[in-house]
Amino acid sequence: MPDTHSQTAQPTIQFSDVSLTLGGRKILEKLDLAIPQGQVTAIMGPSGAGKTTLLRLITGQLKPDTGRVLVNGTAVNELSPKALNSYRKQLGVLLQNGALFTDLTCFDNVALPLREHTNLPESLIKNIVLLKLHTVGLRGAAHLYPRELSGGMNRRVAMARAMAMDPQLMLYDEPFAGLDPISMGISLRLIRQVNEALGMTSIVVTHDVHEVRQLAHQACIIANGHVIAFAPPETLQEDPEPLVQQFMQGLPDGPVAFHYPGPSLEADFLDGDQH
Amino acid sequence: MIKPLQEMGKAVVFLGQAISRMRLTSLQFGETLRQIYYAGARSLVIIVTCGFFVGLVLTLQTYDTLTRFGAADAASTVLALSLFRELGPVLTAILFAGRAGTSITAEIGLMRATEQLDALDLMAIDPMERIVQPRLIAGLIAVPALVIIFNMMALLGGVFFAVFVMGNDPMSFWGNMQNSVELGRDFLHGLGKSIGFGFLAAWLAVYFGWSAKATSEGVALATTQTVIATAISVLVLDFVLSAFML
Ligand SMILES: Nc1ncnc2c1ncn2[C@@H]1O[C@H](COP(=O)(O)OP(=O)(O)OP(=O)(O)O)[C@@H](O)[C@H]1O
Ligand SMILES: [Mg+2]
């Protein structure tokens, strides 16, 4: 997708020299990344590469072992609990499984942040909530509970909830997983439209190499703890880097390991009774 | 020996955090009322039936025992005293843990497992304030109320047995009781205890749910722990409070 202001855009989010070890395994290693303001950036990478981890660093749920995560110039990992709270009010997050509140209806789920953080009258809240649900095509399901909806519908309600406060920064963790082609197309355009209309910055974790072209101004591929590519999606296809080629073409063998690190296959099968 | 101590330490730290982050807003007030209703209504059936049968069997046993000493008249007094001071608060707290406590633990544990607590955090809504605080206060209020209901039902069971089975005069049953039971020393003593027990039961239920591992086994283990820990600590606290209050 052509974009006119990628050269002038300021970085909103900057990872500098970020390393993180979880459960004794290095997930990110000296990672540097600058995500520009006002654009949609896709984060791609093999399963377990640390994409969700990357988002959790931006939300401040995780702190890096070393390095800094800067959002609009402030280091998220150094915020006080109070400052973290006011930072999070500017943030919309779609978690990987939606995480709707199961004892609230779809309407109340979307209304929750509005009721909590604003003093708007209930009539206005009703309008906002129905509008948000309408954009994801689920206004008619407002009175239903999450258990009465399918997984993909749940995720769309969660998307409406994440957008309820019109945040400046939206993080989506695999928004298209489990969506049919129609809802996928709708969600894709929605992410793009909302980003344009509200001038927000969006980060989308996704596996869909092809959708990324319509969605993102630039794509970032992480593997083996590093950023291995950061470019507009149409140029990624031509990237000569073998890592990138492996990912874009979906090859099992190459510089990116498909297998979770462990002993060799022979070693595991020959003394199978070790476990 | 080390593990239960560690767990106790963590539970105390958790309680400290929960109390330090308490806030009173109108949203909180409504949610607390809702939780009082849930915790109370969930336990009502079990409290009413158990209360009635405890009253029945207690009267049966005391009549049998006291008749051997020729003191059958004192049966109603024994019933009332053992109910108000010990059985009412202790049994109610343990039944509450089994009924409402386990569902609080499972509910919060599942919220952890399905990332609902994370989602609250990310919306800048403090889950301590929104989830933990209303349930803590609800336990504090629901258990004493349930104790009063339990005692009432048990007295009813006692009267039923004394009057309809033993054929005693209801007036002398009530009269003997009124003459020897004191409001402060017996009734309020028990009510004071039940506030302590209610707080303990709610605290443990919320704590085990909060610290549950985010898996199905984690939630299952947490609900079991709630019942065991509440039963043990209610009995220990009961002894300590009785020793100080008598
Ligand atoms: N709390 C944790 N403790 C230990 N290891 C963890 C923890 N959380 C994540 N990991 C490890 O970190 C790695 C990255 O996890 P992450 O969830 O970020 O992957 P991902 O890129 O989002 O994968 P997917 O596409 O499958 O969602 C995984 O290998 C996982 O095993
Ligand atoms: Mg993930």
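Trainee: How far is an oxygen atom of ligand 1 from an N or O atom in the side chain of A:Arg25?

Mentor: That distance is 2.5 Å, and a polar contact here is a pair of N or O atoms within 3.5 Å, where within protein one must be able to donate a hydrogen and the other to accept it, and residues adjacent in sequence count only if both atoms are side-chain atoms. Before going on, note that this is a predicted model, in which local features need pLDDT of at least 70, side-chain atom pairs count only at pLDDT 80 or more, and totals for chains, interfaces and linings use all residues. Residues are numbered from 1 along each chain as its sequence is written, chains are lettered from A and ligands numbered from 1 in the order in which they are written, and side-chain values use heavy atoms, with hydrogens and water left out.

Trainee: Okay, and how far is a polar side-chain atom of A:Lys51 from an oxygen atom of ligand 1?

Mentor: For A:Lys51 the distance is 2.7 Å, while an N or O atom in the side chain of A:Glu174 lies 3.1 Å from an oxygen atom of ligand 1.

Trainee: How much of ligand 1 does the protein bury?

Mentor: Taken alone, ligand 1 exposes 640 Å², and the protein buries 65% of that; such accessible areas come from the Shrake-Rupley method with a 1.4 Å probe, and for residues only the protein chains shown count as cover.

Trainee: Which element gives the most to the shell around ligand 1?

Mentor: Helix 1 of chain A does, with 3 residues, and helices (H or I, at least four residues) and strands (E, at least two) are DSSP runs, numbered from the N terminus.

Trainee: Switching to the metal, what are the protein donors of the magnesium ion?

Mentor: They are A:Thr52 through OG1 and A:Gln96 through OE1, lying 1.9 to 2.5 Å from the ion, which is ligand 2. A:Thr52 lies in helix 1 and A:Gln96 in the loop between strand 6 and helix 3 of chain A, so the pair ties together parts that are 44 residues apart in sequence. Donors are N, O and S atoms within 2.8 Å of the metal (3.2 Å for Na, K and Ca), and water is not among the atoms, so sites may look incomplete.

Trainee: One last thing, is A:Ala99 buried or exposed?

Mentor: A:Ala99 counts as buried, at 4% relative accessibility, where buried means under 20% relative accessible area, exposed over 50%, and partly exposed in between (1.4 Å probe, protein chains only). Phi of A:Ala99 is near 55°, a positive value in a residue other than glycine.
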